[in-house]
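Hi everyone, thanks for making time.

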Amino acid sequence: MRLTGLLRDGERIVGANAATEEGDTFEIHARVVVSATGVWTDSFLQMCGAQGGSRVRQAKGVHLVVRGSAIRSTSAVIA
């Protein structure tokens, strides 16, 4: 689905308007709205009316999924 707008109650975001690729539209109400927009964060913040410059830069990443038993460790490093 594609975000097409935000639902507001004053300054508070209380949901979203969304559309499917086929053109069906939905109004989605929520008690809590979480932005999991990743590289689209700047576009989302503009839609929210936030001020300021670019905040998120695109980066290439790799995800590896392995069995837990394949790595004998109790710690990890995230960089």
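**A walk through the sheet**

Let's start at a turn: S2 and S3 form a hairpin with five residues between them, and glycine 23 in that turn has a positive phi of about 100°. Quick word on names: helices (H or I, at least four residues) and strands (E, at least two) are DSSP runs, numbered from the N terminus. Before going on, please keep in mind that this is a predicted model, where local features need pLDDT of at least 70, side-chain atom pairs count only at pLDDT 80 or more, and totals for chains, interfaces and linings use all residues. Residues are numbered from 1 along each chain as its sequence is written, and side-chain values use heavy atoms, with hydrogens and water left out.

S2 and S3 run antiparallel and are joined by five bridges; two strands count as paired if DSSP finds at least two bridges between them. One of the pairs here is alanine 19 with its bridge partner in S3, threonine 25.

Now the other hairpin. How many residues sit between S1 and S2? Two, and glycine 10 in that turn has a positive phi of about 70°. S2 covers residues 12-19, and seven bridges tie it to S1, again antiparallel. Along that pairing, leucine 6 has alanine 16 as its bridge partner in S2, and leucine 7 stands opposite glycine 15.

Put together, that's an open sheet of three strands, antiparallel, in the order S1-S2-S3. The edges are S1 (2-9) and S3 (25-29), each pairing on one side only. From one strand to the next, the twist averages 25°; axes are lines fitted to C-alpha atoms, for helices over the stretch in contact, and angles run from 0 to 180 degrees between N-to-C directions.

And the helix? H1, residues 41-48, lies across S1 and S2, at about 35° to S1. Leucine 45 is in H1, and it's partly exposed, with a relative accessible area of 22% (buried means under 20%, exposed over 50%, partly exposed in between, with a 1.4 Å probe and protein chains only). Setting aside neighbours within four places in sequence, leucine 45 is in contact with Ala50 and Arg55, where contact means heavy atoms within 4.5 Å.

Let's hop back to S3, where isoleucine 28 is found. Beyond residues up to four places away in sequence, isoleucine 28 touches Leu7, Val14, Gly15, Ala16 and Ala18. Isoleucine 28 and leucine 6 are 22 residues apart in sequence, with 9.2 Å between their C-alpha atoms.

So is isoleucine 28 buried, exposed or partly exposed? Partly exposed, at 39% relative accessible area. Methionine 1, in the segment before S1, is exposed at 67%. Met1, Ile28 and Phe26 form a nonpolar patch on the surface, with about 330 Å² of accessible area together. That's all from me, thanks!

Note on methods
Patch = residues over 30% accessible without salt bridge, like charges linked within 9 Å, V, L, I, M, F, W, Y side chains within 5 Å. Areas by Shrake-Rupley, 256 points an atom, 1.4 Å probe, with all protein chains shown as cover. Salt bridge = Lys/Arg side-chain N within 4 Å of Asp/Glu carboxyl O.
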